[in-house]
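Here is a colleague's note to be read beside the model. Please keep the sequence and the coordinates open while going through the points.

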Amino acid sequence: MTNQAPASSPLAGDPRFSGLLEAAHALQPKTVALRRQLHQNPEQGLELPLTQAAVLSSLADLDLRVHTGEKVGSVIGVLEGARPGPTVLLRGDMDALPLQEDTGLDYASRIEGSMHACGHDTHVAMLASAARLLTDRRDQLAGTVVFMFQPGEEGHYGAKFMLDEGLLDVADRPVDQALALHITSKETSGVLRCRPGPIMASANSFTITVTGKGGHASNPSDAVDPVPAAAAMVGALQTVVTRRISVFEPTVVTISRITAGTTSNIIPETAELEGTLRALSEASRATMLAEIPRVCEQIAAAHGCTISFVVDAGYPVTVNDDEVAGRVHDIARATLGNGHVNPMTNPLMGAEDWSYVLQRVPGAMAFLGACPPGVDPAEAAPNHSNRVHFDESALPHGVSTYAAFALDVLR
């Protein structure tokens, strides 16, 4: 077996990208300062007053048109280039997670029960520095850059709210391409990963309530026990995935919570199952959203029970545009170097509300590695862990990738 050299970029040597990474490194003190300010003061959900104020302050000396959300705590910055042309959208999400931080960092969260465990603080800081870098290069831009600082990604539909409030209309012309970066501790620091097509799954949470008839545990024949019915549903839902969904369409149904009863000698009237559905195609998603209640209803009937099925709207599949994803790799190779690009083979089964933007605009999501120094990425605490730690030396790679993407679209 021979080792193949990393693919070179057709954009190698392009003068538009000359000095971008160096300029991003020069901005590192500002990038880190904003990131740490946000990390110490994490906010959850759609209203993020401290975070919004920090973003507005970071953009205050830049020549941008700035908009804030009406119903959510969003910020949009609009940079007009020196000449007319297309519009490019760059996103950084801003919200934190309900976790108690346990990293021991000297800039750890000061807010009880709240932590930037998914790296959104780094996304905001990288995007703010990219706005500064691109403002300095306004004369190279033929078109408009929209900087999207988004609240409520963690299950709150923040991107959808921003779309509803006119995100794609702020430039007075359609958005032509879009890019979001997402940091990850599970990849070598500074390495960018992307892929064409589905890159993240859809996500739906659901609750199944099984109703029978309560009674004394010593005399189950006088009751209608919902617990055996619920137990049978767990196994059946795993089987239906393998029998109704193609093996080439990864789909996951996980029952993550079962609740029934109050003590050992009472048969409860109800049992409740809660779970999640993940899929990489909308067809598989629709099939399983129909199959889950159908299977459970029939199992319940066989046990003399009934069910109710409640499902949330959930995020769609995040689907990268093939051409844009390929271009992101080319841009990263030209800007960061061949050794800092590692194309993704498989998508992730996590979900993202960036999916709503990609339903309307050709674009991509890419992942930026930030595994801490001296740690094997396979052993690093993952995103959403209360011990996750991101290497800040990766941030200039994200800043320069954002900027290079905009320069490429607005050439």
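1. Basis. This is a predicted model, in which local features need pLDDT of at least 70 and side-chain atom pairs count only at pLDDT 80 or more, whereas totals for chains, interfaces and linings use all residues. Residues are numbered from 1 along each chain as its sequence is written, and side-chain values use heavy atoms, with hydrogens and water left out.

2. Beyond its neighbours within four places in sequence, phenylalanine 149 is in contact (heavy atoms within 4.5 Å) with residues including Val55, Leu59, Met94, Leu127 and Met162.

3. Sheet. Helices (H or I, at least four residues) and strands (E, at least two) are DSSP runs numbered from the N terminus, and two strands pair if DSSP finds at least two bridges between them. On that basis 4 strands make an open antiparallel sheet in the order E10-E12-E8-E13. Strand E10 (251–260) and strand E13 (306–311) are at the edges with a single partner strand each, so one side of each has no neighbour in the sheet. From one strand to the next the twist averages 20°. Strand E8 (residues 202–211) is joined to E13 by 6 bridges, and threonine 211 stands opposite threonine 306 in E13.

4. Helices across the sheet. Axes are lines fitted to C-alpha atoms, for helices over the stretch in contact, and angles run from 0 to 180 degrees between N-to-C directions. Helix H6 (residues 226–244) lies across E8, E10, strand E12 (270–279) and E13, at about 170° to E10. Helix H7 (residues 282–302) also lies across E8, E10, E12 and E13, and runs at about 160° to E13.

5. Cysteines. A search of the whole structure finds 0 disulfides, a disulfide being a pair of cysteine sulfur atoms within 2.5 Å. Cysteine 296 is buried at 0% relative accessibility, and the closest cysteine sulfur, in cysteine 305, is 12 Å from its own, too far for a bond.

6. Rings. Which residues do ring pairs link into a cluster? They are Tyr157, Tyr315 and Tyr356, where rings of Phe, Tyr and Trp (its six-membered ring) pair if their centres lie within 6.5 Å, with planes under 30 degrees apart counted as stacked, over 60 as edge-to-face and the rest as tilted. Tyrosine 157, in the loop between strand E4 (142–150) and helix H5 (158–164), has a positive phi near 65° although it is a residue other than glycine. Its pair with tyrosine 315 is edge-to-face, at 5.1 Å centre to centre and 90° between the planes. The pair of tyrosine 157 and tyrosine 356 is tilted, because the centres are 6.4 Å apart and the planes at 50°. Tyrosine 356 lies in helix H9 (residues 354–358), 199 residues apart from tyrosine 157.

Methods: Buried means under 20% relative accessible area, exposed over 50%, partly exposed in between (1.4 Å probe, protein chains only).
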